[in-house]
Amino acid sequence: MPARRLLFFPLAALLLLTGCVTSGRSAFIQRDVAAFAPADSVDVEAYQAEYEGHEGVFTHWEQTAEHVVTTSMSAVPNWHYYRDTRIRYVILDPEAEWLATFRTEVEPGGQFEGVAIRVTSPDGSVSVFSEGNLAKEESSGKTVYKMAYPNVEAGTVVEENVRVRYKAGMQFTPPLEYDIPLQSSIPIERLSYRFGYPSWWALKLKQVETGRTPAFDTEYDEEQKKTFLVHKALDVPAVADEVYAPYFKERAEYLAFQITELKLGSLDYTARASWEEMADGFKKYAFRRGGFFSNPVRRALDDLDLQGLSDEEKLDLIVTYVQTTIEPGSSSKDDFNTVLKEQRGSVYLITGLAQAMLEEAGVPATYVLIHSARDGYFDRSYITGSQLYIPAVAVEIEGRDRVAFPWVEGLPVTHVPEHFQGQAAMQIDADGFAGFMVVPTGNAADNATEENFTVALDEDGVVEVEEERVFRGSAAYALRTALRDLEDDERDEVVEELLTYTDGEVQDLEYTIDNEGAPKQPLVIRLTYGIDNLVTVTPEEVLFQTGGLFSPASSVSLKVDTEERESPIRIYYDEVQNKRIELRYPAHWSLATELDEVAVENQFGTLASRYTVGDGRMEADYALTLRQSEAPPSDFGTLLDLTGSRSRLNLPTLVFSVES
């Protein structure tokens, strides 16, 4: 579980240390990595019954992270960071690749101090592996070690003991900030996390909700001058992957903390004490009209024709220009002139450039750093860049706040990704901290989705389908992102997941995608295919199993077969889904199923239907609107009244009478 790393001072500064202070290795870090406890026998059927629906179960998950330091007057200080992980799990689904393989990453400056892996098959046979069995490759500056476990089947028990040691130096600065998940996608029977640090250092824990941090104990090792932050838990439930659920950190337990005081000899490190102090590090990117950088910014504006444009049009033109002209990356100098010349700069400089261009164009704009819902609760007392690190520009146009991301190519100025909507943002001007704001949410029109279907049934029960799906706003952005840089077979898999039908065998699928490279336009996907095994034809009647066709919401994320719910409900933004179905069938068939036009409204939104039936043809129009909302899991059935199997518009079967 990787930790964020904060580079807070150059190693050369450590030469200033004086005195001799040691915080040594604890018993947890000194123990033998290869020493396995005897494996317990596993009753596979009992585990499958108890943890039905889960890919596996951690019977034991333990991690110890520890800082070990020694300083002296005569030598460069010795500072090591250890990460010791010991897990044991039972595989219940052999197809779960993440459980059937070993994978760990080691940052530069780190090395294994021990790797011991044991795999026990249900028949009792045991395989043991060590570092020499691992394949190694380089990825994003890290070394990745991995292997596939042999002969995995239900009931296979895997035990992994791994310790990595890092030495502070030019390649590696030990992390000062930590973000530890305390739940997984599978249950954990016994969990333990220990963090050891010199007793003269200080920590600050992040709240995971108002007024609450996860339960923990503090232990002391007087001999090693070590303090331990300890969290233990039994029978930790899995975090279910469910539709319309909050992000992981909004509903799962996790432990986030930072080292706020670090003392090594004569060197003292103290974390930022206020948001004002943090904002001071970014105010150089916030432009004030008429400032030092106005000339290069004005020259950039000269390339654009802003004559007669509204503020809305200027925002779109300038942000799009920056998105398509400046590439995120490092530049030789940290100023707007260099970024414009090299067409490359950090995301913070790119955002500052766009804000400066807007100001020069007469559109008041504010530089902001945004919190993400993916990072859980925003704790204003936890001062760190890991809470506010997404740069953007905020503009108020005709009384409406707008937020744009100039460094994200292809992201329209009309769209704010859902994990930023409604989140806190710190405003920064040329003087520094300028208060907080709330990122605006989207509206239903920006996120409207249209679905058009033409379905033809022939005399023999063959079903031919033409689908047209039109995506806007959040849905379009998410789908474009999912399709980006995929190989053909990978694109096929993504598109197949969009198919409306949940039953039957799809055959001869073909599709086209329009406007994939035009983010200001709706994304349009057209699909044609045939379906077998959905129609039963007899001399007197025909039964058509609709396979989800008449579900009010066709999105794959809404294919829900149960009312069971574990997670709270979160709809992040208003959205509209309009669905039109034209069903064609032989003229001597008569639709016998009674169709009731309905209008439903509840706490989550509205749903309405309209039907037209003629000779050999039926038309259905559905209009679904979902409102931004939050609700407990117990209300999930109410949401299904609009979107899923409980909806009065969900027609699982259509019956036709056949005229002789």
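Predicted model: local features only at pLDDT ≥ 70, side-chain atom pairs only at ≥ 80, totals over all residues.

Residues are numbered from 1 along each chain as its sequence is written, and side-chain values use heavy atoms, with hydrogens and water left out.

**Stop 1: strand E2**

Select residues 56-71, which form strand E2. Helices (H or I, at least four residues) and strands (E, at least two) are DSSP runs, numbered from the N terminus. Of the 16 residues in E2, 14 are buried; buried means under 20% relative accessible area, exposed over 50%, and partly exposed in between, with a 1.4 Å probe and protein chains only.

- Strand E1, residues 21-23, runs antiparallel to E2 and is joined to E2 by three bridges. Here Val21 stands opposite Thr71.
- E3 pairs with E2 over 14 bridges, in the antiparallel sense. Look for Glu66 opposite Tyr82.
- Strand E11, residues 188-198, pairs with E2 in the parallel sense over seven bridges. Trp61 has Leu191 of E11 as its bridge partner.

**Stop 2**

Show the side chains of Glu62 and Arg31. They form a salt bridge with an N to O distance of 2.2 Å; the term requires a side-chain nitrogen of Lys or Arg within 4 Å of a carboxyl oxygen of Asp or Glu. Glu62 belongs to E2, whereas Arg31 lies in the loop between helix H1 (27-30) and helix H2 (44-50), and the two are 31 residues apart. Glu62 is buried at 11% relative accessibility, and Arg31 is partly exposed at 24%.

Next select Arg163 and Asp84, whose side chains meet in a salt bridge at 2.8 Å, N to O. This pair connects strand E9 (residues 157-167), which holds Arg163, with strand E3 (residues 78-91), which holds Asp84, across 79 residues. Which of the two, Arg163 or Asp84, is buried? Both are.

**Stop 3: Arg627 and Glu601**

Move on to Arg627 and Glu601, a salt bridge with an N to O distance of 2.7 Å. Arg627 sits in the loop between strand E35 (617-626) and strand E36 (629-631), Glu601 in strand E33 (residues 599-602), and 26 residues separate them. Arg627 is partly exposed at 30% relative accessibility, while Glu601 is exposed at 59%.

Over the whole structure, the search finds 40 salt bridges.

**Stop 4: helices H6 and H8**

Select helix H6 (residues 311-325) and helix H8 (residues 347-360), whose axes come within 10 Å and cross at roughly 150°. Axes are lines fitted to C-alpha atoms, for helices over the stretch in contact, and angles run from 0 to 180 degrees between N-to-C directions. On the H6 side the contact is made by Lys314, Leu315, Ile318, Tyr321 and Val322, and on the H8 side by Ile350, Ala354, Met357 and Leu358; contact means heavy atoms within 4.5 Å.

**Stop 5: helix H9**

Helix H9 covers residues 473-483, and its buried residues are Gly473, Ser474, Ala476, Leu479, Arg480 and Leu483. These pack against strand E25 (463-471), helix H10 (488-496), strand E26 (505-514) and strand E27 (523-532). Just past H9, check the backbone of Asp485, which has a positive phi of about 60°.

**Stop 6: a four-stranded sheet**

Finish with the open sheet of four strands in the order E28-E29-E37-E32, paired antiparallel. Strand E28 (535-537) and strand E32 (589-591) are its edges, each pairing on one side only. From one strand to the next the twist averages 25°. Three bridges link E32 to strand E37 (residues 653-658), and Trp589 stands opposite Val658 there.

Note on methods:
Pairing = 2+ DSSP bridges.
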